[in-house]
Amino acid sequence: MKYFLLLLPFITLTAFCQQAPKPYGPLPTKAQLNWQETGMYCLIHWGPDTYTNKEWGYGDENPKLVNPSKFSPMQIVGAAKAGGFKGIIVVAKHHDGFCLWPTKTTKHNISNSPYKDGKGDILKEYREVCNKLGMKMGVYCSPWDRNSPLYGKPEYVTKVYREQLRELYANYGPLFISWHDGANGGDGYYGGAKEVRKIDRSTYYGWDETWGITRKMQPGAVLFGDVGPDVRWVGNEKGIAGETSWATYTPHAPDEGKKPGNGYVKDYEGTEGHRDGKYWMPAECDVALRPGWFYHARQDDSVKTPQALLDLYYKSVGRGACLDLGLAPDRTGMLNEHDVISLKQFGNILKETFAVNLAKGATLTPSNTRAGSKATFGAANLLDADRYSYWATDDKTTTPQLVLDLHQPKTFNVIRLRENIKLGQRIEEVAVDAWQNGEWKQIATATSIGGNRLIRLPQDVKASKVRLRITKSPVCIALSDFGLYKEKIYPPAK
Ligand code: FUL
């Protein structure tokens, strides 16, 4: 007992030293962590535009047009799954105002189409298939409604738009995302008025109250908008995040003409984010598999190739963002064969590339381990499958190094790094070296890491020893993943 009392201060001191690093900057919520883990999902556009061959319906389309002969959510969601996507977002209502579910808010909906004799519910069918396939589901309900006679008046927001969100949230959850597009106001049918209706998109929809509905009814869903609040638009529809892409962001004040909420965002700001941004608001990269969001037969030969998708994968998911790929089922209600094949081949490449982490089994020699505690903060945590177990250093050690002895020469061309983002985005710069001809040779550098960073090397590297150097970080590190992979597709698509 006496000895125990003597040791007590040391025991307490050790326990204190082993405390986890203090979080840095804004942190992700549970819903944002779930979104980050999703990585890739598809945005499905299908409705009157599919039948009129348009991208933006005017709002006067006859519901009778919407008549798929063999709508198959199983084929569509199954193709997304084969592509490695983990979820879908259904465009439940596009700008033309046509609702794919039997809403009580307007007659302009699927129950007035011939589909299933007016008893159809596209959202319900997607929900059932997502459940069966273990895919996540989200919804896109366009705020701009070119059909509604009330659009532009306060009643549209309170009696139509918010009600539609409530119906979607109540009947088709659990949802992982609620997607709010930024195209708002302009000319339209508006119940026959056929005029231009302008709204102030930062105030008209009363976003605080509208998004309050999401928070209450779908707490697991992130809110996507041009400028968040949970996930920001990357600023282009090419599917490309900045080479440096911070998960943090500060929306501009309204008096700068760039409004928080669903307002204007300058391209490069969404693309790169802000290093010292006030909010955790990572980027989503949306891009369509075809040139258009909706199906057009003339685009059957312009479906992105698996190699092009792979390139986008590295430029979105590989830069800490998520990839949101647009799928466009045709008039029968299925994806064209071209799309299915491309998705499948893309999925196969991903599966093959990331099946084996060539760093597994390496002997790890870090220059520092937090409190010397290998068990808790050891570099071995980099090689398990857990995104949140991590290698951490002492508070004062912000530029540590790690040598990985692979024991035999291994050939790789992709490097993966991840931080434990539960402790924020910490690292600013890294470098990787390979041991070649008796010396270290720098083979890569990268900036922002965050939830995921993939470095695609310009050529294969063969080495038996690799070194990771953290070259810039304002605080000690909390790195969760280090991977070396071999991708067979070479040279990378331009
Ligand atoms: C935009 C819309 O205007 C496009 O039609 C498409 O739905 C895209 C994903 O979002 O805001």
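How many salt bridges does the rule find across the interface of domain 1 and domain 2? The count is three. The model is predicted.

## Two domains

The protein chain splits into two parts. Domain 1 covers 30-353. Domain 2 covers 363-485. Their centres, taken over C-alpha atoms, lie 36 Å apart.

Both domains supply residues to the contact. Domain 1 gives 20 residues, and domain 2 gives 19 residues.

## Buried area

Together, domain 1 and domain 2 bury about 1700 Å² between them. Carbon and sulfur atoms account for 53% of that area.

## Salt bridges and polar contacts

Three salt bridges cross the interface of domain 1 and domain 2. Separately, the side chains of Arg456 and Asp311 form a salt bridge, with an N to O distance of 3.7 Å. The salt-bridge rule asks for a nitrogen of Lys or Arg within 4 Å of a carboxyl oxygen of Asp or Glu, so the Arg456 and Asp311 pair qualifies.

## The domain 1 side

Which elements give two or more residues to the side of domain 1 that touches domain 2? They are α2 (30-38) and α9 (306-315). Of the elements, α9 gives the most, with four residues.

Eight are nonpolar. Seven are polar, and five are charged.

How values were computed
Residues numbered from 1 in each chain as written. Predicted model: local features only at pLDDT ≥ 70, side-chain atom pairs only at ≥ 80, totals over all residues. Heavy atoms only, no water. Domains from an automatic or database assignment. Contact = heavy atoms within 4.5 Å. Buried area = accessible area lost by both parts, 1.4 Å probe. Nonpolar A, V, L, I, M, F, W, Y, C, P; charged D, E, K, R; others polar.
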